[in-house]
Amino acid sequence: MTGPVVVGLDGSPASVTATWWAARAAMERRLPVLLLHSWTTQPLSVPIPQEALSKQRYGGQVLQRMEAELLHRYGDLKLITELVSAPASKALVDLGDSAAMLVLGSRGHGSVASFLLGSVSLHVLGLARCPAVTVRADGLDEGTDRYEIVVGVQEAGAASDPLLEFAFTAAEARGARVRAVRALPLSSLVTHPRGAHHDEGYEVDEQARLAAAVAPWREKFPAVAVTYQVSRGTAAQVLLTASEHSALTVVGRQRHPSPLSWKLGPVAHAALHHVPCPVAVVPHD
């Protein structure tokens with residue numbers, strides 16, 4: 001994993017929390033952080049006149065204040081700040097071509113297990129060419145019970161390898177274990193109606209397939225412990241349940257040939273709106 005950890009900082013509490021998460025992730029991976037502020041895309045709550053000069057001044061102050069706080073805690077952190085006039089979504093997507101990951105904040109939305117994604121976040125998540133991580137405004141609960149990196153793996157190969165690479169890299173960096181999760185559709189109970197013994201054998205076969213998909217990454221990251229979970233239900237339901245003690249949940253998003261045709265699948269949507277920990281959306285072919 002090369003390139004900086006790029007975080008969008010607009011001065012809101014959510015973006016500040018995301019910045020702290022990004023700084024820790026960068027330190028763990030020995031990567032630089034790039035703090036990006038778009039002075040044309042600022043929170044509506046900013047109590048300043050709407051003149052361009054005032055917006056630029058505010059943006060510069062946000063970057064300087066955050067830079068000082070980060071360097072006070074992480075003296076060895078390599079840090080770059082960038083104040084841009086381009087819309088935040090475009091600037092972040094463009095930087096994603098060379099970044100290790102993008103990090104975005106998400107506003108709280110009432111309940112512990114639900115939060116709100118703005119249009120900038122959705123645009124970046126759908127178009128970024130590198131992994132993009134969303135962090136809730138209250139998403140830095142990193143207690144001892146959050147010790148896993150959860151990753152959904154439905155099949156081996158090009159669709160899962162980028163997710164597994166990201167999950168294992170994150171787990172190695174923070175000394176966590178990986179929980180590889182596969183969902184078995186409830187319809188398989190109908191297609192395999194030969195009784196409990198046969199059903200148990202089917203689940204064993206599926207767990208073996210899951211282990212085979214993960215095996216190459218276990219070889220590349222021998223120090224990372226792995227747990228396998230095969231459960232019945234929709235992929236979204238299984239992933240949400242598995243993420244109860246996750247420090248990070250990793251989901252996939254298929255790349256699209258045209259920027260006008262991007263979309264997030266139902267599993268990514270469910271994770272982004274209901275998983276309480278940070279969620280990484282990893283593009284794949």
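Guide: Let's begin where helix H1 passes helix H2 in a right-handed crossing. That word has a definition: a crossing is right-handed if the near helix is turned clockwise from the far one by less than a right angle, and left-handed if anticlockwise. Helices (DSSP runs of H or I, at least four residues) and strands (runs of E, at least two) are numbered from the N terminus. What you see is a predicted model, in which local features need pLDDT of at least 70 and side-chain atom pairs count only at pLDDT 80 or more, while totals for chains, interfaces and linings use all residues. Residues are numbered from 1 along each chain as its sequence is written, and side-chain values use heavy atoms, with hydrogens and water left out.

Two packed helices are described by the angle between their axes and the distance between the axes. Here H1 (residues 13-29) and H2 (residues 52-73) pack at about 35 degrees, with axes 11 Å apart. The axes are lines fitted to C-alpha atoms over the stretch in contact, and angles run from 0 to 180 degrees between N-to-C directions. From H1, Val 16, Thr 19, Trp 20 and Ala 23 meet Met 66, Glu 69, Leu 70 and Arg 73 of H2. Contact means heavy atoms within 4.5 Å.

Now step back to the whole chain. It has nine helices and eleven strands, and buried residues make up 48% of its 285 residues. Buried means under 20% relative accessible area, exposed over 50%, and partly exposed in between (1.4 Å probe, protein chains only). A nonpolar core is a set of buried Ala, Val, Leu, Ile, Met, Phe, Trp, Tyr and Cys residues joined through side-chain atoms within 4.5 Å. The largest one holds 54 residues, and Val 250 is one of those that touch the most other members. Beyond four places in sequence, the contacts of Val 250 include Ile 149, Leu 163, Phe 166 and Val 282. Another core, of 32 residues, lies apart from it, with Ala 91 and Leu 264 among its members.

Charged side chains make their own links: the structure holds eleven salt bridges, each a side-chain nitrogen of Lys or Arg within 4 Å of a carboxyl oxygen of Asp or Glu. Glu 206 joins Arg 182 this way at 3.6 Å, N to O. This pair ties helix H7 (residues 196-220) to strand S8 (residues 177-184), with the partners 24 residues apart. Glu 206 also meets Arg 209 at 3.2 Å, and these two sit three residues apart in H7, about one turn of the helix. Glu 206 counts as buried because its relative accessibility is 9%, whereas Arg 209, at 46%, is therefore partly exposed. In H7 too, Glu 203 pairs with Arg 232 of strand S9 (residues 226-232), 29 residues away, with the closest N and O atoms 3.3 Å apart.

Finish at Ser 243, in the loop between helix H8 (235-242) and strand S10 (246-254). With a relative accessible area of 0%, Ser 243 is buried. A polar atom of the Ser 243 side chain lies 2.9 Å from the backbone oxygen of Leu 239. Beyond four places in sequence, Ser 243 is in contact with Arg 146, Val 150, Thr 249 and Val 275.

Terms used:
Polar contact = N/O pair within 3.5 Å; in protein donor to acceptor, adjacent residues only side chain to side chain.
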